[in-house]
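Reader: Please show the sequence and the structure, and then take my questions on them in turn.

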Amino acid sequence: MPTPSLWSELFGFGLAISFSPLHIGLLLLILLGPSPLRRGSWFVLGWLLTSAAAIALLLSVGHGLLLTMERGTDQRTGLDLLGAGGLLALGLNGLLSSRQGGGPPGWTRRLDGFCALPLPLLLGLSAAVQVSSPDDLLLYARTAASLLEAGLSRPREVLITAVFSLFSGTLLLLPLGGLVLVGQERLLPVLQAGKLWLFDNAELIVAAICFALAVYLGWQGFEGLRAG
């Protein structure tokens with residue numbers, strides 16, 4: 001059975017993955033544009049399916065290679081320490097970028113062009129960016145490691161992968177749910193304000209998330225060294 005600590009890890013990792021400024025920014029632009037419910041629903045569904053597919057692939061590789069991920073094993077400890085170092089580097093980069101100022105990050109100026117793409121191309125590009133992000137890759141790998149460590153049956157792995165996919169889309173599901181509940185016109189000021197706030201603070205928030213995760217994975221890695 002999944003333990004409370006496993007659920008806590010899965011929710012924390014999923015919530016961290018869900019804060020993808022580029023994807024949230026794209027979704028907000030989609031919800032401000034034509035056919036917001038249809039296009040927004042496909043966009044969020046694509047994100048959820050990509051997350052589920054990434055975990056399923058990593059679990060398949062782990063089972064196929066007979067990887068053991070208990071605390072103290074070389075694979076688990078190495079992954080934790082590698083993840084901590086990578087996230088620390090990403091956090092420092094985000095912090096330096098936020099201190100430079102000079103307006104929103106450069107990627108925000110390309111969002112309008114991405115949003116204007118045909119929906120199938122937009123979904124493909126979104127999925128490619130989602131699985132190529134270094135911080136997300138580390139978190140997907142660490143999530144799969146936690147599931148491998150838990151030694152769950154395959155049906156439970158499938159179920160928990162689906163739940164994790166929902167966790168990983170939390171910050172995308174919220175604005176889409178708001179659109180369904182109150183409609184585009186009433187949500188318009190909130191979406192506009194949210195977009196501006198996101199663009200102004202994205203780098204700093206990403207840095208804070210990376211630092212927090214780096215501390216957690218570093219602690220897990222050192223605990224693994226002691227256990228080994």
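Reader: Are α2 and α6 roughly parallel or roughly antiparallel to each other?

Author: The model is a predicted one, in which local features need pLDDT of at least 70 and side-chain atom pairs count only at pLDDT 80 or more, while totals for chains, interfaces and linings use all residues. Residues are numbered from 1 along each chain as its sequence is written, and side-chain values use heavy atoms, with hydrogens and water left out. The axes of α2 (residues 21-32) and α6 (residues 119-132) come within 11 Å and cross at roughly 160°, where axes are lines fitted to C-alpha atoms, for helices over the stretch in contact, and angles run from 0 to 180 degrees between N-to-C directions. Angles under 35 degrees count as roughly parallel, over 145 as roughly antiparallel, 65 to 115 as roughly perpendicular and the rest as oblique, and α2 and α6 are therefore roughly antiparallel.

Reader: Which residues of α6 meet α2?

Author: Helices here are DSSP runs (H or I, at least four residues), numbered from the N terminus. Contact means heavy atoms within 4.5 Å. On the α2 side the residues are H23, L26 and I30, and they meet L122, S126, V129 and Q130 of α6.

Reader: How do the residues of the contact of α2 with α6 divide into nonpolar, polar and charged?

Author: Ala, Val, Leu, Ile, Met, Phe, Trp, Tyr, Cys and Pro count as nonpolar, Asp, Glu, Lys and Arg as charged, and the others, Gly among them, as polar. For the contact of α2 with α6 the division is four nonpolar, three polar and no charged.

Reader: Is S51 buried or exposed?

Author: S51 lies in α3 (residues 36-64). Buried means under 20% relative accessible area, exposed over 50% and partly exposed in between, with a 1.4 Å probe and protein chains only. Because its relative accessibility is 1%, S51 counts as buried.

Reader: Which residues is S51 in contact with, leaving aside its neighbours within four places in sequence?

Author: S51 belongs to α3. With those neighbours left aside, the contacts of S51 are Q130, Y140, S165 and S168.

Reader: Is the crossing of α3 and α9 left-handed or right-handed?

Author: The axes of α3 and α9 come within 10 Å and cross at roughly 155°, which means that α3 is roughly antiparallel to α9. A crossing is left-handed if the near helix is turned anticlockwise from the far one by less than a right angle, and right-handed if clockwise. The passage of α3 by α9 is left-handed.

Reader: Which residues of α9 make the contact with α3?

Author: From α3 come P36, L37, G40, S41, V44, W47 and L48, and from α9 come L172, L173, L176, L179 and V180.

Reader: Which residues of α9 are buried, and what covers them?

Author: The buried residues of α9 (residues 170-182) are T170, L172, P175, L176, G178 and L179. What covers them includes α1 (4-18), α2, α3, α8 (154-168) and α10 (184-227).

Reader: Which residues is I205 in contact with, leaving aside its neighbours within four places in sequence?

Author: I205 is placed in α10 and counts as partly exposed because its relative accessibility is 23%. The C-alpha atoms of I205 and H63 are separated by 35 Å. Apart from those neighbours, I205 is in contact with F19 and W197.

Key
Helices (H or I, at least four residues) and strands (E, at least two) are DSSP runs, numbered from the N terminus. The expected span of a helix is 1.5 Å times one less than its number of residues.
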